Amino acid sequence: MRSPFIIMLAWALLLCTAGQGLAQEVTGGSILEYGRYEITLSGDLVSQGGQDTNDVHRLTGHQLAETTDRIPIRDNVTFGYDWMAQGQPEDAEIPITLLLIYPDGRMDRGFDATAIGSAHHTSLTIHDLDMPEGRYVLAVHYQGKRLVSRDFNLYKP
């Protein structure tokens, strides 16, 4: 079943990949900021969603509008976080998986992407106004282990 969201992944800082090809040690991740965002899309579709995945669009800009974990269920409301993967070597590319966990425990796999070991933005945009209220978890995984996650409580205004 296709998710009611478009998952967006953007590179806040795109650095060269000098460490590419070397052994990577990812030690964790940290959330830099979270909440409701104003976003600008380039219109570029990075990955077409399928039955079990979501469309991924490239962002050209994002601005934190409000630091909050309470998100109103309204069309085109975007929520998420800026985060950073930690480890060695600096600037190494790592594959990541984005997950959305619904209040009933269902999970949608978002996108296998590449992180660069610097600041990244991961967010969801609401397009289904009939979605249930409750706790949604947006998580980033690396090799099956959670790097970062944040709970968001969605409500009908």
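In the predicted model, Pro72 has Tyr155 of strand E10 as its bridge partner. This bridge belongs to the pairing of strand E4 (residues 70-72) with strand E10 (residues 145-155), which runs in the parallel sense over three bridges. Tyr155 is also contacted through its ring: Arg70 lies over the ring face, at 4.1 Å from the ring centre.

Strand E10 pairs with strand E9 as well, here in the antiparallel sense and over nine bridges. Within E9 (residues 134-142), Val137 stands opposite Asp151 of E10. The two strands form a hairpin with two residues between them. Gln143, in the turn, has a positive phi of about 50°.

The count of aromatic pairs comes to two. In one of these, Tyr102 and Tyr136, the ring centres are 5.7 Å apart and the planes meet at 65°; the pair is therefore edge-to-face, as the angle is over 60 degrees. Tyr102 and Tyr136 are 34 residues apart, and their pair links distant parts of the chain. Tyr102 is in the loop between strand E6 (94-101) and strand E7 (107-115), whereas Tyr136 is in strand E9.

Both tyrosines fall under the 20% limit for buried residues: the relative accessible area of Tyr102 is 5%, and Tyr136 has a relative accessibility of 1%. Tyr102 has a further contact at its ring, with Arg106 placed over the face at 4.0 Å from the ring centre.

Technical notes. Residues numbered from 1 in each chain as written. Predicted model: local features only at pLDDT ≥ 70, side-chain atom pairs only at ≥ 80, totals over all residues. Heavy atoms only, no water. Phe/Tyr/Trp six-rings, centres within 6.5 Å; stacked < 30°, edge-to-face > 60°. Helix = DSSP H or I, 4+ residues; strand = E, 2+ residues; numbered from the N terminus. Buried < 20%, exposed > 50% of the residue type's maximum accessible area, 1.4 Å probe, protein only. Lys NZ or Arg CZ within 6 Å of the ring centre and 35° of its normal. Pairing = 2+ DSSP bridges.
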